[in-house]
Amino acid sequence: MRTQVAIIGAGPAGLMLGHLLHLSNIDSIIIENRAKDYVIERVRAGVLEQGTVDLMIASGVGDRLKRDGLRHDGVWLAFNGERHRIDFLGLTGKSVVVYGQNEVVKDFIAAREASERPLHFEVSDVRVRDVESARPKVCLQKDDDEHEIVCDFIAGCDGFHGICRPAFPSGFLQCYEKDYPFAWLGILATAPPSSEELVYALHERGFALYSMRSARVTRLYLRCAPDEKISEWPDDRIWEELQTRLGTKDGWRINRGTITQKAVTPMRGFVADPMRFGNLFLAGDAAHIVPPTGAKGLNLAAADVRFLTHALVAYYKTGSSDELNNYSAKCLKRVWKAQRFSWWMTSMLHRFGTANDFDYRRQIAELDYLTGSRAAMTSLAENYVGLPIE
Ligand code: APR
Ligand code: PHB
């Protein structure tokens, strides 16, 4: 098989890249080792920055997003039994849209299928070869047959556990890591949201987050131990704990419902530098992971893909590699800002293992300062709605 860009991974990064390249008449083949249903059903975050929303709409995949996405003009911060609103729209003129990542994936798969360009699920034993040459190759197995894709460029969009980053020669990559000593226990419940906007709460018993997917589905998270056993969290215990952490003095109550999904999300910060080796380019989670506080993961993937498309289009139009040479530095500049923001939100809202009452009171003071200062709220808001994609 021959193509211009071989894309490894059909998560948001790979699918968006394939679509943007298609719109610029650049050929690609997308390969994915999981089954289509698995990729679609996988429950992940669900907050889109305005830039990600604009990208979906401008590239013709925004119809369902415009119809079903929930525009949020602000979020709540809860502490000391009270809630304080951060008014994104008033402070920045921008908003975010709550729309599940699996819906984003569904929309891009539909666009890919409509384009009739190749998207192969359930491939295995994916390997990259000759990435420093002008003819890199991707080898794979499909239905017990061996295949080889010869291409100009490989896009490693295969997530944190993929094979592309490990294919960089040893010593070439500098990896920066931050471990957080806790995780989130996340649930999806069939219950109408009882808050119109997200609530991030710091409570003596730990962090909790109130989010949603639709007018009928609530998404909630609780801080827990990284090795937390889900079996120790029967539904009633989860609802009680959420109510305790998120409840406010005015008597606000969470609407309960059937819990349809429970999972523990690890918290990690990771950045690989550079995001390129030869003609292999990393994008999205393959290159960087942020803790989910602030919902930056998917949006960072979207920004990488925009930069990469831009660079590839410039290359095919003019023959110049300048933009490709700038790709990693350009992405990483923005990635580090998102890393900083996610770390800051996480640190402010979570009780760390070693933390004592001093730290808790300092955190409360920070939240109190933040919610009383227009300057501080503006800083949170402009990061939350998304820094510019230059
Ligand atoms: N060959 C082919 N596909 C692979 C391989 C492989 N060897 N290894 C992994 N994959 C696939 C995974 O099955 C997955 O579908 O690559 C895809 C990577 O997708 P994501 O993990 O969703 O990563 P990305 O597209 O960068 O999206 C970033 O996803 O993880 C969330 O929070 C993150 O929202 C962010 C977004
Ligand atoms: C979600 O709805 O899944 C979500 C929302 C906000 C976050 C993280 C996850 O910060």
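Please bear in mind that the model is predicted.

In soluble globular proteins, nonpolar side chains tend to be buried together. In this model, the largest nonpolar core comprises 77 residues, and Ile31, Met56 and Val138 have the most contacts inside it. Helix H8, spanning residues 297-318, supplies the largest share of this core, with 10 residues. There is also a second, separate core of 56 residues, and its members include Val75, Cys224, Trp252 and Ala295.

Once neighbours within four places in sequence are set aside, Val138 is in contact with several residues, among them Ala6, Ile8, Ile31, Val126 and Ile154. Arg127, His147 and Glu148 are also among the contacts of Val138.

I turn now to the cavities. How many cavities of 30 Å³ or more are there? The count is two.

The largest cavity holds about 60 Å³ of space. Its lining includes Glu49, Lys296, Arg334, Phe341 and Asn383. By class, this lining divides into four nonpolar, two polar and four charged residues. Helix H9, residues 322-349, gives the most to the lining, namely four residues.

The second largest cavity has a volume of about 30 Å³. Pro12, Val39, Arg42, Arg44, Gln101, Asn102 and Val105 form its lining. Three of these lining residues come from helix H6, residues 101-115, which is the largest share. The lining of this second cavity has three nonpolar, two polar and two charged residues.

Terms used:
Residues are numbered from 1 along each chain as its sequence is written. Chains are lettered from A and ligands numbered from 1 in the order in which they are written. This is a predicted model: local features need pLDDT of at least 70, side-chain atom pairs count only at pLDDT 80 or more; totals for chains, interfaces and linings use all residues. Side-chain values use heavy atoms; hydrogens and water are left out. A nonpolar core is a set of buried Ala, Val, Leu, Ile, Met, Phe, Trp, Tyr and Cys residues joined through side-chain atoms within 4.5 Å. Buried means under 20% relative accessible area, exposed over 50%, partly exposed in between (1.4 Å probe, protein chains only). Helices (H or I, at least four residues) and strands (E, at least two) are DSSP runs, numbered from the N terminus. Contact means heavy atoms within 4.5 Å. On a 1 Å grid over the protein atoms alone, a cavity is a set of points where a 1.4 Å probe fits but cannot get out, and a pocket is an open set with protein on both sides within 12 Å along at least five of seven lines; lining residues have an atom within 4 Å of a point. Grid points are joined across faces, edges and corners, and a volume is the space filled by probe spheres set on the points. Ala, Val, Leu, Ile, Met, Phe, Trp, Tyr, Cys and Pro count as nonpolar, Asp, Glu, Lys and Arg as charged, and the others, Gly among them, as polar.
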